[in-house]
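Colleague: I'd like to learn how to read cavities and helix packing in a model. Could you walk me through it?

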Amino acid sequence: MTAGSRHIADNPNGAAVTDGAAATDRFAGIDTRLYLVTDSAQCEAAGRSVAETVQAAVAGGVGIVQVRDKDIDDASFYSLTRQVIAAVDAATRGTDRTVPVVLNDRVEVALRLIDEGENVHIHVGQTDTTVAEVRAVLGAEPLIGLSAANSDEFAAARDSGVVDLVGIGPVYDTSTKADAPDGIGPDRLGELAAEAGLPAVAIGGITADRAPDLHGRGLIGICVVSAICLADDPKSAAEELLAAFTGSDQ
């Protein structure tokens, strides 16, 4: 990621546009509008591997991929992430696209991959490894995302000086996480995104039918799980979600 570039973000006045942020924009060259979080069980239920789902979804416009699986050990997670990296590479080969691969928590796996020359990133929750620890272990280059939902969590994220992105949600009721709270709704989401003071993405129960309601809420993107992992055609699902969120045909 080079300084002085611009990333594609949500434009309240119409289709997605490049956001002329600071010269140190950490999302330079990345299309942040559609962010996929993988679910291994859902992909399997749909008759595909995670890697197959990712490759099709990235071909359809997904710009960031987070590998998430709480039910496997680090060795299996490393193998899964390697498959996802290969799938992203296959989907973007011959293009100038940069699609980051983000690991959900698994800091030691991320460190191993970085040591092997891979450009991977991290997302953590409030009870996972702290963002300060993540930055200390992984260094300055990887992006760090953090789930945050209230004023204190936003303030802590800003004060840390190491958080690049906050994930806010759930926007709608979701079954992806058994312990997820009730959805906050689009209006409250917009208030929280404005309060966060950091680049923000929304997550939780987002579908193509709901995505238009999230346009113009101050987000740099939307995160989806089921809407792609359970889709009959992940490529078409990604295209539909992206068009619905941006209010355009891409």
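Modeller: The largest cavity has a volume of about 80 Å³. On a 1 Å grid over the protein atoms alone, a cavity is a set of points where a 1.4 Å probe fits but cannot get out, and lining residues have an atom within 4 Å of a point. Grid points are joined across faces, edges and corners, and a volume is the space filled by probe spheres set on the points. This is a predicted model, where local features need pLDDT of at least 70 and side-chain atom pairs count only at pLDDT 80 or more, while totals for chains, interfaces and linings use all residues. Residues are numbered from 1 along each chain as its sequence is written, and side-chain values use heavy atoms, leaving out hydrogens and water.

Colleague: Which residues line the largest cavity?

Modeller: Its lining includes Phe27, Tyr35, Ile64, His123 and Asp164. Strands E6 (120-124) and E7 (144-147) each supply at least two of the lining residues; helices (H or I, at least four residues) and strands (E, at least two) are DSSP runs, numbered from the N terminus. By class, the lining has eight nonpolar, two polar and one charged residues. Here Ala, Val, Leu, Ile, Met, Phe, Trp, Tyr, Cys and Pro count as nonpolar, Asp, Glu, Lys and Arg as charged, and the others, Gly among them, as polar.

Colleague: Now the helices. What describes two packed helices?

Modeller: The angle between their axes and the distance between the axes. Axes are lines fitted to C-alpha atoms, for helices over the stretch in contact, and angles run from 0 to 180 degrees between N-to-C directions. In this model, H2 (residues 50-59) and H3 (residues 74-92) pack at about 30 degrees, with axes 8 Å apart. H2 is therefore roughly parallel to H3; angles under 35 degrees count as roughly parallel, over 145 as roughly antiparallel, 65 to 115 as roughly perpendicular and the rest as oblique.

Colleague: What residue classes make up the contact of H2 with H3?

Modeller: There are 11 nonpolar, three polar and no charged residues.

Key
On a 1 Å grid over the protein atoms alone, a cavity is a set of points where a 1.4 Å probe fits but cannot get out, and a pocket is an open set with protein on both sides within 12 Å along at least five of seven lines; lining residues have an atom within 4 Å of a point.
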